[in-house]
Structures are given as C-alpha cells and as structure tokens.
Amino acid sequence: MLREESKSWQHQPFISILTPIYNTNHEYLDECIKSVREQAYENWELILIDDNSSDPEIWPLLEGYAASDPRIKIKHRDANGHICVASNDALAMATGEWIALLDHDDVLWPNALYEVVKRINEKPNTLFVYSDEDKIAENGRTHCDPFFKPDWRPHFLWSCNYITHFAVLT
C-alpha cells in the first residue's frame with residue numbers, strides 16, 4: 001500500500017544511501033542491507049564502502065549484495081581511512097539528489113524512506129530530515145533506549161548530536 005502510494009507522488013527524488021563498512025558483524029550487515037532493500041519507497045541506491053576491513057569475508061559478502069541488486073554499489077578502500085574518509089568516498093560515488101547517512105549496523109523500518117519523501121513532497125523547501133531512533137537488543141527483537149528527538153533546536157544541537165541515525169539531506 002505505501003509502495004503504491006509513494007509512486008503517485010509528484011516528486012520522486014533519487015536517494016543515495018551512504019554506508020561505510022569496517023569489520024561489521026555479518027548478521028548486522030545483512031539486516032542493514034535487507035532493511036534498505038525492503039523499503040516501501042524504491043527510488044534509491046545503496047553505496048557500501050569497505051574501509052579496508054581485516055575480515056576476509058566482508059568483500060565477498062559485499063560483492064554478493066551488489067550482484068543481487070543493481071541499486072547497490074560497492075568500493076573497497078586500500079587503506080583504512082575511518083568513517084569520514086569512507087563516507088566521503090561514498091559521497092563521491094553518489095548520484096542521488098538526496099544523501100542519506102546509514103551506519104553499517106543500523107536497521108531501517110520499511111517506511112523510513114517513504115516518510116522522508118512524503119515530507120519532501122508535503123514541504124518542498126525541506127533541505128534536511130532526521131528521525132527518532134531506537135536500539136535493538138542482541139536478541140534482535142527487543143527494543144530499548146529510544147531517542148525521541150525534538151524539532152529543530154540549534155542550541156540543543158550544540159550540546160547533543162541528535163541528528164544522526166537516520167539523517168537525509170540535500
């Protein structure tokens with residue numbers, strides 16, 4: 001239902017989702033990528049940057065993901081540059097008009113991009129969207145430590161980085 005509704009929107013922005021990877025737990029990585037592939041809004045690309053993981057299984061996993069979905073792009077870095085350099089490499093590969101920042105162990109609800117693009121269509125002057133977040137316990141089912149974020153408050157932002165996990169900007 002959400003997928004069909006989103007196809008009727010006037011503006012269908014292409015969203016580049018940037019995800020740096022470094023020695024990620026394979027199960028978490030799989031859940032992260034699966035959560036992107038199951039989005040109700042489908043006009044996206046996922047850019048996975050392996051930041052020179054020492055885990056020899058990471059690169060073959062990424063190759064498998066890329067082979068299974070043409071919207072998934074991958075790159076292997078020859079030297080570890082940490083999250084900033086890996087994110088910038090992903091940004092250089094991005095072709096979307098919007099950029100989403102997603103950690104390698106994050107999971108999106110199936111309606112996450114739908115809600116972002118709905119907001120963009122309702123308020124065309126939007127330049128930045130961020131969301132509430134929650135943690136999932138090791139068992140993969142129990143939600144804990146929710147973070148219900150306020151409306152935009154620059155002074156609060158100076159003391160608490162509340163815009164990460166899941167942030168989308170143009």
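Select His82 to begin, and you will find a residue that is exposed, with a relative accessible area of 55% (exposed means over 50% relative accessible area, buried under 20%, and partly exposed in between, using a 1.4 Å probe and protein chains only). His82 has its place in helix 4, and although it is not a glycine, its phi is positive, at about 75°. This is a predicted model, in which local features need pLDDT of at least 70, side-chain atom pairs count only at pLDDT 80 or more, and totals for chains, interfaces and linings use all residues. Residues are numbered from 1 along each chain as its sequence is written, and side-chain values use heavy atoms, with hydrogens and water left out.

Stay in helix 4, which covers residues 82–93, and select Asp89 (helices, H or I, of at least four residues and strands, E, of at least two are DSSP runs, numbered from the N terminus). Asp89 is buried, with a relative accessible area of 15%, and, leaving aside neighbours within four places in sequence, it is in contact with Ile49, Lys75 and Arg77, where contact means heavy atoms within 4.5 Å.

Next, select Asn52, in the loop between strand 2 (44–50) and helix 3 (58–68). Asn52 also is not a glycine, yet has a positive phi of about 60°, and it is partly exposed at 28%.

Finally, select the cysteines. Cys32 is buried, at 0% relative accessible area, whereas Cys144 is partly exposed, at 33%. A search of the whole structure finds zero disulfides, a disulfide being a pair of cysteine sulfur atoms within 2.5 Å.
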